[in-house]
Amino acid sequence: MLTSSLLSIMVLWGLTRLEGYSRAAFLLDGILLLLFTAGSRVLFRVFQETLAVEPEGGRRLLIVGAGRAGALVLKEIRRDASLGYRAAGFVDDNPDKWGRRIEGIRIHGGRDAIGRLSQQDSFDEILIAIPSLDPEEASELLGLCRATGKPTRIMQRISSTFIH
């Protein structure tokens with residue numbers, strides 16, 4: 001984008017020394033090109049996130065952890081329908097994330113929301129997607145999740161699956 005604008009200016013400079021051309025037009029062209037390009041990308045992203053339709057059927061998965069690992073899980077279950085899951089929501093300990101959305105899926109609150117969502121029958125399974133948990137925290141969180149009576153899994157670090 002920037003390259004093509006600069007190349008156009010250089011060609012015109014070489015041919016006409018920009019005589020008869022307004023310098024403001026080149027500046028305005030560059031600004032409008034940047035705005036329209038960036039705007040189209042932002043608009044596409046907004047439509048993609050707000051109009052995303054979760055597939056019907058499949059087990060409703062509550063994802064504990066709204067960080068990179070949780071977002072990765074969400075993308076994977078949306079990409080591969082054969083997994084048989086659809087996202088029911090996120091839970092995260094960071095209060096700044098509560099009420100926000102990741103690709104259209106709501107972050108319901110902290111750990112205390114797990115029990116509330118379980119009583120509302122909002123999910124069928126739980127996946128703890130916080131691979132950085134230390135063993136003590138993981139055990140505590142696993143106990144909290146299992147107390148709901150729902151099947152619970154914990155995501156392992158990807159680096160731990162590689163052979164050294």
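Student: Which residue in β6 does I128 stand opposite?
Tutor: I128 stands opposite I154 in β6. Keep in mind that this is a predicted model.

Student: OK, and how do β5 and β6 pair, parallel or antiparallel?
Tutor: They pair in the parallel sense, over three bridges. Strand β6 covers residues 152-154.

Student: What about β1 and β5, how many bridges do they have?
Tutor: Four bridges, and the sense is parallel there too. Strand β1 is residues 59-64, and its V64 stands opposite I128 in β5.

Student: Switching topic: where is S118?
Tutor: S118 is in helix α4, which runs over residues 112-119.

Student: Why does S118 count as buried?
Tutor: Because its relative accessibility is 15%, and buried means under 20%.

Student: What is S118 in contact with, leaving aside its neighbours within four places in sequence?
Tutor: Three residues come up: F123, T148 and K150.

Student: Let's zoom out. How many helices and strands are in the chain?
Tutor: Five helices and six strands. Along the sequence they follow the pattern α-α-β-α-β-β-β-α-β-α-β.

Student: How does the radius of gyration of the chain compare with that of a compact globule?
Tutor: The chain has 24 Å, whereas a compact globule of 164 residues would have a value near 15 Å. As for the box filled by the C-alpha atoms, that's roughly 80 × 40 × 35 Å along the principal axes.

Student: What share of the residues is buried?
Tutor: Buried residues make up 30% of the 164. The accessible surface of the chain is about 11,200 Å², and 60% of that belongs to carbon and sulfur atoms.

Student: And contacts: what share joins residues at least 24 apart?
Tutor: If you take contacts between residues at least 6 apart in sequence, 65% of them join residues at least 24 apart.

Student: Last one, charges. How far apart are the mean positions of the positive and negative ones?
Tutor: They are 4 Å apart, with 21 positive and 19 negative charges in the chain.

Technical notes:
Residues are numbered from 1 along each chain as its sequence is written. This is a predicted model: local features need pLDDT of at least 70, side-chain atom pairs count only at pLDDT 80 or more; totals for chains, interfaces and linings use all residues. Side-chain values use heavy atoms; hydrogens and water are left out. Helices (H or I, at least four residues) and strands (E, at least two) are DSSP runs, numbered from the N terminus. The radius of gyration is taken over C-alpha atoms; the globule rule is 2.2 Å times the number of residues to the power 0.38. Buried means under 20% relative accessible area, exposed over 50%, partly exposed in between (1.4 Å probe, protein chains only). Contact means heavy atoms within 4.5 Å. Accessible areas come from the Shrake-Rupley method with a 1.4 Å probe; for residues, only the protein chains shown count as cover. Lys and Arg count as positive and Asp and Glu as negative; His and the chain ends are not counted. The place of a charge is taken as NZ of Lys, CZ of Arg, CG of Asp or CD of Glu. Two strands pair if DSSP finds at least two bridges between them.
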